[in-house]
Number of protein chains: 2
Amino acid sequence: MSNQKLFNVAVVGATGAVGEQIIRLLEERNFPIKELKLLSSARSAGVKLAFKGQEITVQEATPESFQGVEIALFSAGGDVSKALAPHAVKAGTICIDNTSAYRMDPETPLVVPEVNVDKINEHKGIIANPNCSTIQMVAALKPLYDRFGISKIIVSTYQAVSGAGAKAINEMLRQSKEVLEGRESNPDILPVGSLPVKHQIAFNAIPQIDKFHENGFTNEEMKMILETKKIMGDESIDVTATCVRIPVVYGHSESVYVELKEDFDIEEVKTLIANAPGIVLVDNPAEQQYPLATDAAGKLETFVGRVRRDLSNPRALNMWIVSDNLLKGAAWNAVQIAEYIAIEQ
Amino acid sequence: MSNQKLFNVAVVGATGAVGEQIIRLLEERNFPIKELKLLSSARSAGVKLAFKGQEITVQEATPESFQGVEIALFSAGGDVSKALAPHAVKAGTICIDNTSAYRMDPETPLVVPEVNVDKINEHKGIIANPNCSTIQMVAALKPLYDRFGISKIIVSTYQAVSGAGAKAINEMLRQSKEVLEGRESNPDILPVGSLPVKHQIAFNAIPQIDKFHENGFTNEEMKMILETKKIMGDESIDVTATCVRIPVVYGHSESVYVELKEDFDIEEVKTLIANAPGIVLVDNPAEQQYPLATDAAGKLETFVGRVRRDLSNPRALNMWIVSDNLLKGAAWNAVQIAEYIAIEQ
């Protein structure tokens, strides 16, 4: 990486849960940075954050923030991306957007590097980072798609509260303490901060992540359904999702049923998964080894286990997919895309 | 119920989590009892338990305990049922067995009253109570089976720790406190008390309930697959299960995908479920209403919501089924069976 081009990079949403992880990864991965600009809402502007031993003052993100910025990583919510990314694109910035704002825009590539890295070059200024629960699933299923084809996916998720932000983590920990002490637990954030009804997440399972659509599916479920088809580049895959929030801090788990288009050998399936980039096979029932959210927390990889042939459909199999929703599900996937851009230029 | 026949009843496993609920329900339901005998292992013998204002001393369960007992409810583990139920049957006792010992025995009816109450009369001394996660699912699906037929069920569970007994509840609460206080959490019971490897359940999701079979499914998953076919009386139903323990105290939740044999109207489906015995439809996405484990805890009913037509298979639908695993999933289903026996005699 000597004599490598260095980039002016901006992180929009620098003080958020995902922004924090992006900054940490840019440092740990030694991303080729000339200057790092940290941007946030007016409320967080002025905060000082550490990066490679220096202090960087967070500035308010405005349409003028992107002059001279070559790569910007957005994770400040869909409204901020919608408002500012077009200005960044005009300024010549390549935007990696971690919100849902542009994911289903036909002009915007939706990229999981292990699945469709080639799409990065088709960007017109914006590359969208998929939804956390989608990323880990498609990364794990890609080797099976390439080898056998996939006709159907039915997924039920076990999603961590960190997916709803730092406030949701605090709420879950506070409620847990209250319940353990026999006190009243007053929910005020989950399941959806912007909606009126609140439910206790401590010692519970809430089958709602994001708002409901008219068809009875939640927005999170529709993201998994639509984004999977787009990332795989195959509208013929049937996808069904039920997304559930459970009292876990970091790490989404997924119970996935997959129908393949061809007959398969289950040992070959395990080998394909074990050899896939970014995937770790943890699958030894005799030793009670399978992926766990607590083990995946803080790791960049996606962990797959409980791989077993379905008993009623010989072309189907079941598996358990776990990854850190803030890392591969958000910050790491975005930084991976940035690394590909840096290498290409 | 005046002049009703009164029964000599025994509860085997009286000091356990399920036994405690059985005794409470026999009292609350005013079950027609002449004499109540409370039985347990030698270790718990001598304990005094309250029943209708009286104190009853728990006795050690032996092969001789059943003389004169007309109905016995067993929930002291499969080994106890295997050892003692045959003696009880010889003594003329009708045994309602809450363990897995006789569930798949072709001679033993496996009964969920809302589904196959007619099977009770075919007993040869023993009636088996199904697995908790199976009971609530078949109870909820029965009205759809009767109206449309069912070809396929794919279920992922979110199971409460109380299903693994009082020790597992204590472990989960203890671990939660330890994690909240930043201390080391030392698992020593879950996922399976009798197996060597232990995993943290606090703030985690463990995809193992009971031991693994050679086919990669756990025993809990095989129970759901095999018991569903037996209770429904239809071996042609394809069933796939992934059973997961989550940090909830009471109440199993289930994400269920069902393929019906005929076209259906989704509003008719909801009406059928709402009108089914023992089932409560809680399904109003606009008001963020759906079943929650914390709401189902302590209730006898099974709660169903998130009922929605599948987007890729027009004959399939998805739903969320929640019930108290110690009540409808165990004690209440057993007492229901006892009530049917009492009425028949």
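Here is a tour in a few stops, going from the whole pair of chains down to single residues. Keep in mind that this is a predicted model.

**Stop 1: both chains together**

**Stop 2: the contact**

Now select the residues where the chains touch. Chain A brings 60 residues to the contact, and chain B brings 60 residues too. Of the interface residues of chain B, 100% are also interface residues in chain A, so the copies meet through the same surface.

How much area is buried between chain B and chain A? About 4,900 Å², with carbon and sulfur atoms giving 60% of that. On the side of chain B, pick out B:F203, B:Q288 and B:R306: these lose the most area to chain A, and together they make up 14% of what that side buries. Remember B:Q288 and B:R306, as we'll come back to them.

**Stop 3**

The side of chain B that touches chain A divides into 31 nonpolar, 19 polar and ten charged residues. Elements giving two or more residues to that side include the helices α5 (166–180) and α6 (219–232) and the strands β13 (302–309) and β14 (316–323) of chain B.

How many salt bridges cross the interface of chain B and chain A? Four. To see a salt bridge up close, select B:E221 and A:R306, whose closest N and O atoms are 2.7 Å apart.

**Stop 4**

Select B:Q288 first. You'll find B:Q288 in the loop between β12 (279–281) and α8 of chain B. Is B:Q288 buried or exposed? With a relative accessible area of 3%, B:Q288 is buried, since the cut-off for that is under 20%. B:Q288 isn't a glycine, yet its phi is positive, at about 55°.

Next, select B:R306, which sits in strand β13 of chain B. B:R306 also counts as buried, at 3% relative accessibility. The backbone here has a positive phi of about 55°, although B:R306 is not a glycine.

**Stop 3: a residue in chain A**

Move over to chain A and select A:F303, in strand β13 (residues 302–309). A:F303 is buried, with a relative accessible area of 12%. Which residues does A:F303 touch, leaving aside neighbours within four places in sequence? Show A:V280, A:V282, A:P291, A:A296, A:W320, A:I321 and A:V322, which are in contact with A:F303. Then try a distance: from C-alpha to C-alpha, A:F303 and A:D283 are 9.3 Å apart in space, and they are 20 residues apart in sequence.

**Stop 4: two cis peptide bonds**

For the last stop, go to A:P191, in the loop between α5 (166–180) and α6 (219–232) of chain A. The peptide bond from A:L190 to A:P191 is cis, with omega near 5°. Then jump to chain B, where B:P191 lies in the loop between α5 and α6. The bond from B:L190 to B:P191 is cis, with omega near 10°.

Methods: Residues numbered from 1 in each chain as written. Chains lettered and ligands numbered in written order. Predicted model: local features only at pLDDT ≥ 70, side-chain atom pairs only at ≥ 80, totals over all residues. Heavy atoms only, no water. Contact = heavy atoms within 4.5 Å. Buried area = accessible area lost by both parts, 1.4 Å probe. Salt bridge = Lys/Arg side-chain N within 4 Å of Asp/Glu carboxyl O. Helix = DSSP H or I, 4+ residues; strand = E, 2+ residues; numbered from the N terminus. Nonpolar A, V, L, I, M, F, W, Y, C, P; charged D, E, K, R; others polar. Buried < 20%, exposed > 50% of the residue type's maximum accessible area, 1.4 Å probe, protein only.
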